[in-house]
Amino acid sequence: MRYEDLKERPIDVLSGVMDFFGRRTEVEILRKAIEQADFSRLQKLEKKKGVVYKDKLKDKESLFFRKGLVGDWRNLFSDSDLEAFWEVSGRAMALAGYEKE
């Protein structure tokens, strides 16, 4: 499952995930799940209740749900971050159709 695909076709992607796990799910339930996981909703919840993964963030003042934009991670990774990421995740990224830039 790719973030880009999830943003573009959420019902299709989530339906595929549920099928993969052998759990056929009605479209209305998927719509409700998508609504509950809406980025702006999660962002507001985080601002109200705090950052759940704060200990994992490099910048402790940063929000986990920053922008929700496809590809925005490129603006945050340093060259060494990017190299380390590809070293650890390169094979999985290639299987998902991503190419090292």
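Trainee: Is Asp72 buried or exposed?

Mentor: Asp72 counts as buried, at 6% relative accessibility. Buried means under 20% relative accessible area, exposed over 50%, and partly exposed in between, using a 1.4 Å probe and protein chains only. This is a predicted model, where local features need pLDDT of at least 70, side-chain atom pairs count only at pLDDT 80 or more, and totals for chains, interfaces and linings use all residues. Residues are numbered from 1 along each chain as its sequence is written, and side-chain values use heavy atoms, with hydrogens and water left out.

Trainee: Which side chain meets Asp72 in a salt bridge?

Mentor: Start with the general idea: side chains of opposite charge can pair when their charged atoms come close. The term salt bridge here asks for a side-chain nitrogen of Lys or Arg within 4 Å of a carboxyl oxygen of Asp or Glu. Asp72 pairs with Lys67, at 3.9 Å from N to O. Lys67 is partly exposed, with a relative accessible area of 48%.

Trainee: Which residues do shared partners join into one network?

Mentor: Salt bridges with shared partners link Arg2, Asp5, Arg9 and Asp12. Look at Arg9: its side chain meets Asp5 at 3.8 Å, N to O, and also Asp12 at 3.9 Å, N to O.

Trainee: How accessible are Asp5, Arg9 and Asp12?

Mentor: Asp5 is partly exposed at 24% relative accessible area, and Arg9 is partly exposed at 35%. Asp12, at 52%, is exposed.

Trainee: How many salt bridges does a search of the whole structure find?

Mentor: Seven salt bridges turn up in that search.
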